[in-house]
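Let's walk through this structure together, one piece at a time. Have the sequence and the 3D view at hand as you read.

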Amino acid sequence: MSNIVPTKGFKVDFGKADAVVAEQYCTLYEDRIKKALAYELISGPSLAYEPLVAAVMEDVANSQKLGQAIRESPQSFISCLMMAAQCKLLPGGKYDLFYMIPRRMSRKTADGWSKVMEVTPLIGYKGLSHMAQQHPRVHSVEAFCVFKGEKFSFSPGTGVLVHDWDPDVSREDDDLVAAYAKAIICPPNDVTPNPTPIVWPLSVKQIHKSRDRSEAYKGAEKYGKKDSPWHTDYLAMCRKTAIRGMLTNGSIPRDMGIGGMISQEDRSTVDRGESAPLPKADRTGSLRQSLGLDTPPPDFGTAEEAVAHIEAAADIAALEHLRGGFSSFKGIDTSTISEAYNAREEELK
């Protein structure tokens, strides 16, 4: 996959260090990355191109596997980077906002089926919190873990939560009993935070149900590698699950982009095997793969998610690819989606 046709008049020098190769790919796709940075899916402060690339180079310099994944599958790297740009999150373990995870995925190449190193996205729980707080009505979003021996109770009727943190209890992964997200929001047309927080608690059993649906977790368990985020950063993933639950439940106001980004993250970790053959590495194939045009259209769960993907479409071809995912909608949802589609189509013409 190394023969992507350059768009800036030069070729990637594969004899350079991994971080330099990553920077060169960023340069080749600079216009598209800047366009992704300009998408107004998430309100709040913008993110500039230069610090994004600097964060990428630092992360690649610290991970040999990530460098290998970029060389083997540059399209997945650019796709991951564009997602970070749309989320307005700096990638890398240094920031704990957005991670570029190298994974071996089953793909069809010129030599037949094989495992290919790809770059897959992972939004950290701090990244989700950061994105949620960009909404003008969201004052703060936090997530906490509860361990055996700590006093914890929550009354859904009154919204009262009691969590007495105890420094003497064990805080190992096996000692977790619950996690919860807490958000403070402002009423509509008001800038004064509501003193009563919105709380979204999850028992460890509920958290594990979510974990067990994770493709990364199932793959790591299947092959005995224990290298998924659920294995390496268990408590952080528990916090993230609580925040995701609160965001997708509709408990707090959110920007249209968050639902689409969460769904895109989920799909990126699926090892689709024979259902997702890799296109040939020519100019057209590379472009089609980077836009996701050689995969089935997304199966949207909500009209909000469909609209988020419509607004994120990079061009007419990507927009038209979404059509097959709208067939299940009826009633007012169809009007909402149609209006968003027509508006985005006019913007891209």
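Helix α7, made of residues 204-212, lies across β6 and β7 and runs at about 80° to β7. Contact here means heavy atoms within 4.5 Å. Axes are lines fitted to C-alpha atoms, for helices over the stretch in contact, with angles from 0 to 180 degrees between N-to-C directions. Another helix, α10 (residues 234-249), packs on the sheet and touches β3, β6 and β7, its direction making about 45° with that of β6.

A word on what you are looking at: this is a predicted model, in which local features need pLDDT of at least 70 and side-chain atom pairs count only at pLDDT 80 or more, while totals for chains, interfaces and linings use all residues. Residues are numbered from 1 along each chain as its sequence is written, and side-chain values use heavy atoms, leaving out hydrogens and water. Helices (H or I, at least four residues) and strands (E, at least two) are DSSP runs, numbered from the N terminus.

Now to the sheet itself. It is open, with three strands in the order β3-β6-β7 and antiparallel pairing; two strands pair if DSSP finds at least two bridges between them. Because β3 (138-147) and β7 (198-203) each have a single partner strand, they stand at the edges, and one side of each is left without a neighbour in the sheet. From one strand to the next, the twist averages 15°. Between β3 and β6 (residues 176-185) there are nine bridges, and Ser-140 has Ile-184 in β6 as its bridge partner.

What about the loop between α6 (125-132) and β3? Gln-134 lies there, and this residue is buried, with a relative accessible area of 14%. A polar atom of the Gln-134 side chain lies 2.9 Å from the backbone oxygen of His-130.

Finally, step back to the whole chain. Its secondary structure comes to 15 helices and seven strands, and 46% of its 349 residues count as buried.

Conventions:
Buried < 20%, exposed > 50% of the residue type's maximum accessible area, 1.4 Å probe, protein only. Polar contact = N/O pair within 3.5 Å; in protein donor to acceptor, adjacent residues only side chain to side chain.
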